[in-house]
Structure formats: structure tokens, C-alpha cells
Amino acid sequence: MSAASACAAASGDLTELTWRLLQAHDTLAEQGRTPDRVFGGVSGEAYRIHASHSAASVAELASDVALLAGALAALGRALADVAELRALADGLPPDEAAQIRGRADSRERRAGADWRTAVSVYVQRRWPVAAADQPVVSPGPIRPSQESRPAAPAGPTSAAPSAAAPGGEPAPPPPHHRRDPLRAEIVGPTYEAEIVRPDP
Amino acid sequence: MATTLTVRPEALLTARRTLLRHERAVSAVPIDPPDTGPTSALTREVFGQVAEAAEGVATDLRSLAAGLARVVDEVTSTDTEVRSVLDLLRRGLS
């Protein structure tokens, strides 16, 4: 399995985890509102508080994992573009090949820097105090690209990376299959942290 | 009279089963770090953190399910005691 495919697969797993966390969140939030009569005369206050707190922390984790999944999908697309560029270079005269390989190297470096940034953001969101002591590995946040951003279907809440289609739906073909690798190099990596719930 | 005071912990048991189902669903997701070239070490590290966080959620869900099991035990035993007292009273009155 190529690095690009491995990234896409792992991004799909993180997306799946996001959905399952969101489903757990919904259950916890609902159980946080369990009326006392259900508890058969025993107070359910402690349980409700625990369930509500858990729902909040699970929602945060789902959002953070979605960010990672989106960034990893972007890394996978970038690595696929890099592989295409290098394959393209193989058939070109030496001068042109060197130029294309240089672009591929540059794209790979930028993709790696963007992935490091996403990881840094994840760590900062999970452990804000601890993260203050860590060096920022790459300047600037990853910004979503309007060009590659999918239209969010109408529906309730939140976000999931577009890298995988949950609920058994077949995932759309990776963007690098539709893009010119040279153009992709110029546009640069993108990621989507938009969470879109699957239809119930 | 005893029938009307008997608790019905089915809702709590259903809630417990739902929590355990979510716990299994979260735990079942593979969290294997991919090869990301020069950033592979970083990727392994963050995937380890994600796996740890997911395990924390699973543990919490199990903890809540165990809490519900204790509540069910409590309401059931209380209900049994109440029914015993009511039976005694009924026998005394008859």
C-alpha cells in the first residue's frame, strides 16, 4: 500500500471514529436528560451530571479527531500528487525532469509541514496548557480551500472530514484523480474539517 | 397494590445496553498510524494519543453502564423490600 493510500485509509478510520463518537455523544446527551421517574425512586442526579459531562467531552474529541482526519486526507492527496509528479518526471528529458522532481519535493515538504501544523493544532486543542510549552512546527493554520470544499448537505450539526463516506456509502474518487498534478501542486494541500452527519 | 409499586427498570437496562453498544463501536475502530514518510514518527505519536482518547471514552461509557447496573440493583432490591413489607401488611390485614 502506498503512503497516499495508507493515509486515505487511516483518514477513513478516523472519520468512522468521529461518527461513532458523535453517536455516543447523542446517547450520552439524551441520557443526561433521563427523568427521575425512570430511576424508580432513586435520584438520578449524579448519573445525569456524569452523562452530560461525558457528552461534552466526547463531542470535543469527535471534533478534534475530525480535524485530524481531514488533515490526513489532505496529506494523502498531496502524497498522491507527489507520486504522480515523480512518475511524470520519469518520462521527461533530464532538465524538465529535474524541475518537476524539484516541484514534487517542494510539494511533499509543504504537505508534511501542513500535517505537522494539524497535529500541533490537535495537541493544542486537547491539552491547551501542555501545548503552550511545545514549539510550533510550522507557521500558520491550515486553511480550507473554497475550491475543493464540498457543499455541505442540509441537515443537523457538525462536521466530518470529506475523505470518507460513512454509513456504507461509497466514497467519491480522491480529488487527485480529477486534478492535474501540476495544478494541484500550485493549489497546494487542502483539508476539510466540515462534519456532515449521515442520513439517519 | 404491590403491582402498582413495582418498579420497571427496563428503561435503565436498555440505556445500559446502549452505552455498552457504543463502547464496543468506539473500541472497534482501528487506529493504525499510516506511513507518512518524514512525518511518520509524529503520525505514530498522534495516533497513539487518539487511541488513548478513544479508550478513555470507552472506559467512561463502561463506567456509566456499571453505574446504571448499580442503580438497577438498588431500585430492584428496594422494590423487593417494599413488596415484602406490603405482603406482610396484607397478610396481617387478611
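Among contacts in chain A between residues at least 6 apart in sequence, what percentage join residues at least 24 apart? In this predicted model, the share is 81%. Chain A is built from 5 helices and 0 strands, and its elements follow the order α-α-α-α-α from the N terminus on. Of the 200 residues in chain A, 42% are buried.

The two chains meet through 33 residues of chain A and 37 residues of chain B. On the side of chain A that touches chain B, the elements that give two or more residues are α1 (3–31), α2 (45–90) and α3 (94–126) of chain A. The most is given by α1(A), with 14 residues.

Within chain B, helix α2 (residues 10–28) packs with helix α3 (residues 40–93) at an angle of about 165 degrees, and their axes are 9 Å apart. Because angles over 145 degrees count as roughly antiparallel, α2(B) and α3(B) are therefore roughly antiparallel to each other. Their crossing is left-handed. Residues of α2(B) that make the contact include B:Leu12, B:Leu13, B:Ala15, B:Arg16, B:Leu19 and B:Glu23. From α3(B), the residues involved include B:Ala54, B:Val57, B:Leu61, B:Arg62, B:Leu68 and B:Val72. The residues of the contact between α2(B) and α3(B) fall into 16 nonpolar, 2 polar and 3 charged.

Terms used: Residues numbered from 1 in each chain as written. Chains lettered and ligands numbered in written order. Predicted model: local features only at pLDDT ≥ 70, side-chain atom pairs only at ≥ 80, totals over all residues. Axes fitted to C-alpha atoms, helices over the stretch in contact; angles between N-to-C directions. Helix = DSSP H or I, 4+ residues; strand = E, 2+ residues; numbered from the N terminus. Parallel < 35°, antiparallel > 145°, perpendicular 65-115°, else oblique. Left-handed = near helix turned anticlockwise from the far one by under 90°. Contact = placed C-beta atoms within 7 Å. Nonpolar A, V, L, I, M, F, W, Y, C, P; charged D, E, K, R; others polar. Buried ≥ 20, exposed ≤ 12 C-beta atoms within 10 Å, placed from the backbone.
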